[in-house]
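Subject: Structure handover

Hello,

Here is the structure for your files. My notes on what was found follow below it.

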Amino acid sequence: MTRGKPDARPSEARLRLLNTATRLFYSEGIHSVGIDRIIAEAKVTRATFYRHFPSKDDLILAYLREVHKMERSTVDAAIATDDSSPADPLLAIAGSIAQNIQSPGFRGCAFLNAAAEYPATEHPVRQEIIAHRQWFLDTLSTLMGRVHQETADPAARHFVMLRDGAMAAGCLFDPALVSETFLRGVEGLLLINAERQSTESAG
């Protein structure tokens with residue numbers, strides 16, 4: 001009998017710990033949630049916790065990487081939608097953000113929330129946040145380049161600022177109204193850049 005490859009799937013205990021941490025960190029904040037509570041709600045032993053996560057920082061990094069994976073999956077799905085025009089993938093990404101803002105339990109951007117709790121730029125958590133945001137900006141810059149190459153980078157930064165403002169405002173004001181305002185802002189941004197491209201092509 002030939003032995004198969006080792007099962008690379010995460011253990012059930014690790015998944016419970018990560019799912020519990022993800023729920024609590026996002027809804028209540030990172031610093032306010034202690035390890036003891038996560039252990040209790042995940043129904044694992046302290047030894048099991050430390051076997052999977054040597055420190056709370058390791059768990060926080062795993063949490064942020066899990067959120068990154070979810071957000072990247074959403075963006076990839078949006079990019080894979082019908083792209084009959086260069087603006088379509090960007091509109092799809094904006095639509096997914098607007099949908100998130102209006103979802104139950106929305107508490108803003110997990111990465112911006114974490115950044116407020118970890119201001120030191122050299123901290124590993126802060127570095128994880130920066131890496132995620134750089135990925136998002138790079139993705140938008142590439143897509144914006146299809147709309148208008150010359151202004152791709154500033155337009156991508158503009159999109160990110162619109163997104164950040166909407167994520168913050170969605171916790172404070174009517175989420176539907178915030179989403180509508182955000183989508184109009186993105187549509188205006190894309191229209192301006194598409195018109196620039198059209199004018200240059202005609203010239």
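Which side chain does the side chain of D88 join in a polar contact of 3.0 Å? The partner is S84. Please keep in mind that this is a predicted model.

D88 belongs to helix α5. Is D88 buried or exposed? D88 is buried, and no salt bridge accompanies it. The nearest side chain of opposite charge belongs to R146, 10 Å away.

On the chain as a whole: the secondary structure consists of 9 helices and 0 strands, giving the pattern α-α-α-α-α-α-α-α-α along the sequence. The C-alpha trace spans about 70 × 55 × 35 Å along its principal axes. The chain has 203 residues, and 40% of them count as buried.

The other item is the largest pocket, which holds about 480 Å³ of space. Its lining is made up of 21 residues, and those closest to the centre are V67, M70, E71, N100 and M167. By type, the lining residues are 11 nonpolar, 7 polar and 3 charged.

Which helices each supply at least two residues of that lining? They are α1 (12-28), α4 (56-79), α5 (88-101), α7 (124-147) and α8 (152-169). The largest share comes from α4, with 6 residues.

Regards

Note on methods: Residues are numbered from 1 along each chain as its sequence is written. This is a predicted model: local features need pLDDT of at least 70, side-chain atom pairs count only at pLDDT 80 or more; totals for chains, interfaces and linings use all residues. Side-chain values use heavy atoms; hydrogens and water are left out. On a 1 Å grid over the protein atoms alone, a cavity is a set of points where a 1.4 Å probe fits but cannot get out, and a pocket is an open set with protein on both sides within 12 Å along at least five of seven lines; lining residues have an atom within 4 Å of a point. Grid points are joined across faces, edges and corners, and a volume is the space filled by probe spheres set on the points. Helices (H or I, at least four residues) and strands (E, at least two) are DSSP runs, numbered from the N terminus. Ala, Val, Leu, Ile, Met, Phe, Trp, Tyr, Cys and Pro count as nonpolar, Asp, Glu, Lys and Arg as charged, and the others, Gly among them, as polar. Buried means under 20% relative accessible area, exposed over 50%, partly exposed in between (1.4 Å probe, protein chains only). Lys and Arg count as positive and Asp and Glu as negative; His and the chain ends are not counted. A salt bridge is a side-chain nitrogen of Lys or Arg within 4 Å of a carboxyl oxygen of Asp or Glu. A polar contact is a pair of N or O atoms within 3.5 Å; within protein, one must be able to donate a hydrogen and the other to accept it, and residues adjacent in sequence count only if both atoms are side-chain atoms.
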